[in-house]
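Subject: Structure for your review

Dear colleague,

Please find the structure below, followed by a summary of what was found in it.

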Amino acid sequence: MGTTDTGIVAGRLPPAEVEANFADLHAPLTRHEALVESDRCYFCYDAPCMTACPTSIDIPLFIRQISTGNALGAAKTIFDQNILGGMCARVCPTETLCEEACVRNTAEERPVEIGRLQRFATDAAMRENKQFYRRAAPSGKSIGVVGAGPAGLACAHRLAMKGHAVTLYDAREKAGGLNEYGIAAYKAVDDFASREVDYVTAIGGIDIRNGQMLGRDFTLTDLTARHDAVFLGMGLAGVNALMTEGEAAEGVEDAVDFIARLRQSPTKTDIGVGRRIVVIGGGMTAVDAAVQARLLGAEEVTICYRRGKENMNASEFEQDLAAAKGVTIRHWLQPLRIVTGAQGTVTGIELAYTQLVDGRLTTTGETTVIAADQVLKAIGQTFEPMGLEVIGLERGRILTDAEGRTSLDGVWAGGDCILDGEDLTVSAVAQGRDAAESIHRTLMAVASPAIVAVA
Amino acid sequence: MADIRNDFVGIKSPNPFWLASAPPTDKAYNVERAFKAGWGGVVWKTLGEEGPPVVNVNGPRYGAIWGADRRLLGLNNIELITDRDLQTNLREMKQVKMNWPDRALIASIMVPCVEESWKAILPLVEETGADGIELNFGCPHGMSERGMGAAVGQVPEYIEMVVRWCKQYTRMPVITKLTPNITDIRNPARAAKRGGTDAVSLINTINSIVSVDLDNFAPNPTVGGKGTHGGYCGPAVKPIALNMVAEIARDPETYGLPISGIGGVTTWRDAAEFLVLGAGNVQVCTAAMTYGFKIVQEMITGLSDWMDEKGHRTLDDITGRAVPNVTDWQYLNLNYIAKARIDQDLCIQCGRCHIACEDTSHQAITSMVDGIRHFEVMEDECVGCNLCVNVCPVDNCISMVSLDPGTLDERTGKIVEPIYANWTTHPNNPMARQAAE
């Protein structure tokens with residue numbers, strides 16, 4: 001039992017307890033466990049798991065490679081399609097992707113643990129820094145990649161493989177994007193995000209420039225002048241506001257900032273949390289923030305979501321995880337105002353009950369107040385089109401075609417910043433990778449035009 | 001309750017489950033434990049002649065192959081006959097038989113192929129009160145290099161000769177154990193019968209290299225950098241053993257000769273299969289070496305429960321019941337037509353039936369119907385081969401359904417004939433017998 005002082009307080013729990021709380025959510029499979037689990041794969045024809053994977057990893061093949069004692073071969077099968085296969089093994093909502101599609105669900109309602117097997121294989125390769133890819137001969141082409149998150153890293157790696165010179169610009173101090181700053185710490189322990197960046201960029205030919213922000217330090221025009229092609233994968237820098245009274249009060253914070261601070265703290269014990277916390281939102285970010293607040297010792301953590309359970313973006317697994325960690329999830333509640341005390345600090349939040357009337361969300365007229373000394377906002381992130389000049393947008397995101405081409409010649413985009421962005425690491429990887437292939441095709445077609453037969 | 005008491009060539013045991021001559025039956029300690037667990041009988045690990053006992057390697061003696069979840073499917077060994085002193089074994093056998101008079105105790109024997117050697121050991125064995133002897137003509141490694149074991153079992157004349165000596169020098173029932181390392185199992189069986197054997201038991205282990213150590217480039221089990229072929233046994237050899245048992249059971253020359261079935265018996269079901277193919281009882285080794293002696297309880301209850309369910313009262317009711325249905329290929333009914341059928345409610349959509357059929361057989365199973373993943377047999381392509389049934393991971397999901405006479409076989413466009421017709425009369429057979437006009 002830690003301290004129950006009111007207010008945002010660091011060190012609510014003893015350091016050892018915090019450390020234990022933030023241990024690996026899913027322990028890695030031992031060799032024996034991996035062999036037993038890999039034996040369960042049926043090696044399906046045209047495997048549904050593979051179809052369900054946004055990066056189309058050949059899952060039956062890599063599992064069969066594990067089962068025959070070839071973990072490194074398995075890792076290569078994974079990395080061929082998804083160079084961030086290590087992180088995806090940890091953060092993918094497999095229960096709605098590959099593992100949902102596994103035929104073992106139909107057979108006995110227990111899928112093959114594809115995610116954990118993928119981690120087993122990728123860990124084996126990364127442990128010995130086994131590099132599977134070498135740069136092709138230099139192409140003489142230079143590509144600027146904006147954003148060193150999953151999309152940018154996947155794009156940069158694939159471009160480097162093709163022999164192109166990549167400059168990777170990132171606004172933050174460290175590369176990795178949401179892998180480094182955005183997901184719950186217990187999903188990527190032991191500085192995994194940073195180690196993965198090192199592993200991926202070890203191929204060479206990728207020059208990372210940190211602290212370089214599009215729209216602040218340079219513009220898209222600068223990049224197109226500097227490089228033969230540009231890939232935009234800067235994600236979503238903005239956050240939605242509650243637009244309610246008291247939002248500026250002390251104790252109100254964006255969940256993404258809270259998570260980022262937490263991720264950057266080696267011990268987590270310096271991160272203060274309230275005694276009673278309300279998290280507004282219904283997605284993965286809300287769950288990540290709420291669960292981590294509990295793990296830091298917050299006494300009561302309540303997620304308030306304005307619609308029903310079935311509308312929550314957080315997966316069933318994430319919701320169960322939150323419940324298991326003692327987070328209360330309340331539905332049909334919408335923030336009205338932040339209640340503040342004498343010193344202007346948060347003391348609670350007033351919420352309106354909501355309902356659907358003819359498919360539209362309305363308030364019922366009833367309200368409630370939940371006592372809180374900290375409110376975390378996780379109501380969605382937004383794209384901030386800074387420094388992009390005339391690029392085509394739709395619904396606030398960058399418009400691309402199937403190959404990732406934007407409305408501007410020589411500019412590609414992928415990840416959360418595009419219209420088709422799915423808020424998934426694995427989708428961002430697929431888009432970055434595919435854009436790299438498209439960039440390569442385009443640049444090489446220009447470099448060596450098809451030989452026209454002489455009539 | 002079914003009566004599963006066993007009378008095998010006059011040797012009585014409370015059930016038909018004997019432990020085969022092997023490491024589990026090497027000494028009193030193990031055999032006592034086996035009897036306590038419920039085994040009906042044991043064939044004591046093979047005795048050699050008086051004098052300095054054989055020696056075994058002091059490194060690994062076993063190798064294996066595994067199925068899913070490292071389930072042991074096949075075992076091979078390079079162990080020899082008992083490496084304990086003859087007198088010690090005889091003394092313990094006598095004591096165990098006194099302690100367990102209702103259980104069968106058989107002495108397995110392997111001595112040089114000379115009359116004097118057999119003449120010398122038989123009285124010593126007889127004195128223990130053993131219920132019978134089993135002649136080890138099967139051991140494929142080590143002893144065969146010294147002119148014993150399989151070296152005898154591969155020469156029918158030697159078998160006949162030794163069996164004759166044994167029948168001459170002992171009143172005990174003689175069971176001749178056959179090696180499968182031979183092209184036609186009927187020849188040694190016939191020889192044993194000519195020599196006057198009371199029964200045959202089979203199979204002994206199969207010559208095998210179970211795996212190779214790819215780091216050291218040597219067969220497993222590797223002893224100091226080298227390996228040798230061993231004797232293969234366990235579930236993997238059952239099909240070979242069943243066939244050999246059936247061949248002897250249906251051979252006119254050996255028909256009716258009692259058979260003790262050996263080879264991969266792991267469950268009651270395996271045992272029942274041996275019995276219905278003509279075995280009077282079964283011997284077990286690998287299953288016990290994998291799971292311990294307790295497995296006999298599953299075998300006893302399983303066999304008994306199945307017999308109750310089917311109304312079989314005694315072992316005699318089932319022994320050999322399948323033998324009349326084992327025939328030569330040429331007598332199979334070519335007018336019998338079956339098609340695979342997939343139970344869509346049980347199908348888990350793995351698609352293995354499709355890819356097996358598509359890549360390796362007859363392109364008779366869909367993978368997509370109207371743009372949806374769907375596996376269904378195309379009867380106009382299905383030859384009824386049964387491969388899909390065998391690769392399907394779900395029990396009973398795919399079954400073979402026979403076409404009734406008078407219905408159309410969509411593959412051939414012909415009506416299914418009601419009459420039995422086999423290859424011997426088929427027009428494509430150059431040797432076909434002319435039907436009487």
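A salt bridge is taken here as a side-chain nitrogen of Lys or Arg within 4 Å of a carboxyl oxygen of Asp or Glu. The model is predicted, so local features need pLDDT of at least 70 and side-chain atom pairs pLDDT 80 or more, while totals for chains, interfaces and linings use all residues. Residues are numbered from 1 along each chain as its sequence is written, chains are lettered from A and ligands numbered from 1 in the order written, and side-chain values use heavy atoms, without hydrogens and water.

Interface of chains B and A

By the salt-bridge rule, 1 such pair spans the interface: Arg373(B) with Asp46(A), whose closest N and O atoms are 4.0 Å apart. The contact (heavy atoms within 4.5 Å) draws on 16 residues of chain B and 11 residues of chain A. About 1,000 Å² is buried between the two chains, 61% of it on carbon and sulfur atoms; this buried area is the accessible area (1.4 Å probe) that two parts lose on being put together, summed over both. Asp69(B), Ile348(B) and Arg373(B) supply 46% of the area that chain B buries against chain A, more than any other three residues.

Gln292 of chain A

Gln292(A) counts as buried because its relative accessibility is 0%, the limit for buried being under 20% (1.4 Å probe, protein chains only). Leaving aside residues up to four places away in sequence, Gln292(A) touches Phe22(A), Ala184(A), Ala185(A), Tyr186(A), Ile259(A) and Leu262(A).

Yours sincerely

Definitions and conventions: Buried < 20%, exposed > 50% of the residue type's maximum accessible area, 1.4 Å probe, protein only.
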